[in-house]
Amino acid sequence: MFLIATQQKNRRPYRQSARQRAEARGRLLSLFAVLLVVTAVLILIADKIGALSQSSQAEISEAYEAEIVSTTDADPTPLATPLGLPDLDTSEWYLQLIRYEYPLGEDYEPPSLTEIEDGEYMDSRVANALIDMIAAARASGYSVYVCSCYRSYSTQYSIYWNHVDSYMEEGMTQEEAEAATRLAVNYPGASEHQSGLAADILEYSGQDMEPYIGGSGLMLWLEENCAAFGYVIRYPDGKTDITGVEYEPWHLRYVGADAAMYMMENDLCLEEFLELLEQYQ
């Protein structure tokens with residue numbers, strides 16, 4: 001026991017020598033240096049990747065911008081003309097758009113007039129087509145009454161303001177009365193009747209000129225056959241927001257057989273047809 005205690009008493013705590021401490025510090029410094037080198041290498045790699053990425057993005061951006069410029073500068077690919085669209089010039093006299101925004105003017109008169117029947121006249125260039133259509137309708141068993149064809153500016157002026165006065169007598173303001181009138185009667189100078197290219201056709205004198213008469217009797221026959229004679233229902237059903245005029249199954253307008261057939265087959269009013277022609281001319 002005394003020997004063991006003496007040995008334990010004489011044992012000294014372990015201490016590193018100066019050399020060992022120096023070697024440890026050297027290893028730590030070496031490890032630190034390695035970490036610094038690795039860190040520097042990683043930073044360089046990251047910078048290189050970033051530079052390559054920016055370069056690639058710049059190249060992509062330049063290529064995209066070049067493509068846009070090339071596409072913009074290139075001649076546009078012409079649109080394919082709709083099947084069957086007639087090759088017509090929108091400036092032709094028989095395709096003239098006549099409405100409030102595009103009036104004929106106070107002094108306009110057709111070059112010449114031809115009587116249809118009972119004192120009603122049409123532009124001589126379209127009169128025979130109307131006469132032939134009326135004859136065909138009668139041959140099909142329908143009664144035909146030529147209600148109104150050519151009207152002078154002064155006649156249209158009287159009709160228009162008489163309607164306005166009637167609405168104002170019912171309590172409308174002038175502005176309201178004119179808006180209501182223009183749904184059925186065109187402003188003076190803006191009536192197709194003044195052009196001599198339009199006619200109102202009924203079954204008999206005194207027949208109501210109201211939308212409900214469409215789709216039956218003579219009105220249905222006209223709708224189905226007028227295009228063969230170069231005429232169209234100028235203010236068709238469902239197109240008031242485009243034409244500005246309520247459905248008038250009795251109001252026929254000459255536009256030529258080619259235009260009329262295409263308009264009928266494709267359910268187009270004159271405004272839509274002219275827009276289509278202008279788009280593909």
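**Trp93**

I began with Trp93, which is partly exposed at a relative accessible area of 30%. Here buried means under 20% relative accessible area, exposed over 50% and partly exposed in between, with a 1.4 Å probe and protein chains only. Trp93 sits in the loop between α2 (18–73) and β1. I then looked up its partners: leaving out residues up to four places away in sequence, Trp93 touches Arg125, Val126, Leu197, Arg253 and Tyr254. A contact means heavy atoms within 4.5 Å.

**Ground rules**

This is a predicted model, where local features need pLDDT of at least 70, side-chain atom pairs count only at pLDDT 80 or more, and totals for chains, interfaces and linings use all residues. Residues are numbered from 1 along each chain as its sequence is written, and side-chain values use heavy atoms, with hydrogens and water left out.

**The whole chain**

I find ten helices and six strands in the chain; helices (H or I, at least four residues) and strands (E, at least two) are DSSP runs, numbered from the N terminus. Of the 281 residues, 33% are buried. Among contacts between residues at least 6 apart in sequence, 69% join residues at least 24 apart. The chain exposes about 17700 Å², and carbon and sulfur atoms supply 54% of that. Accessible areas come from the Shrake-Rupley method with a 1.4 Å probe, and for residues only the protein chains shown count as cover.

**Helix α4**

Just after α4, Gly171 takes a positive phi of about 110 degrees.

**Largest pocket**

I noted a volume of about 460 Å³ for the largest pocket. On a 1 Å grid over the protein atoms alone, a pocket is an open set of points where a 1.4 Å probe fits, with protein on both sides within 12 Å along at least five of seven lines; lining residues have an atom within 4 Å of a point. The lining counts 24 residues, and the closest to the pocket centre are His163, Ala184, Val185, Glu248 and Trp250. The elements giving two or more residues to this lining are α4, α5 and β6 (248–254). With four residues, α4 gives the most.

**Helix α7**

In α7 (residues 217–225) I list Leu218, Met219, Trp221 and Leu222 as buried. Down the axis of α7 they fall within an arc of 160 degrees, so they line one face of the helix. They pack against α3 (124–139), β4 (198–202) and β6.

**Two positive phi values**

Most residues other than glycine have a negative phi, so I checked the exceptions. Asp118 has a positive phi of about 55 degrees although it is not a glycine. Asp118 lies in the loop between β1 (113–117) and β2 (120–123), and it counts as exposed at 69% relative accessibility. Asp267 also has a positive phi, near 55 degrees. Asp267 is in the loop between α9 (257–265) and α10 (270–280), and at 52% relative accessibility it counts as exposed.

Definitions and conventions
Grid points are joined across faces, edges and corners, and a volume is the space filled by probe spheres set on the points. The arc is that of the directions from the helix axis to the C-beta atoms.
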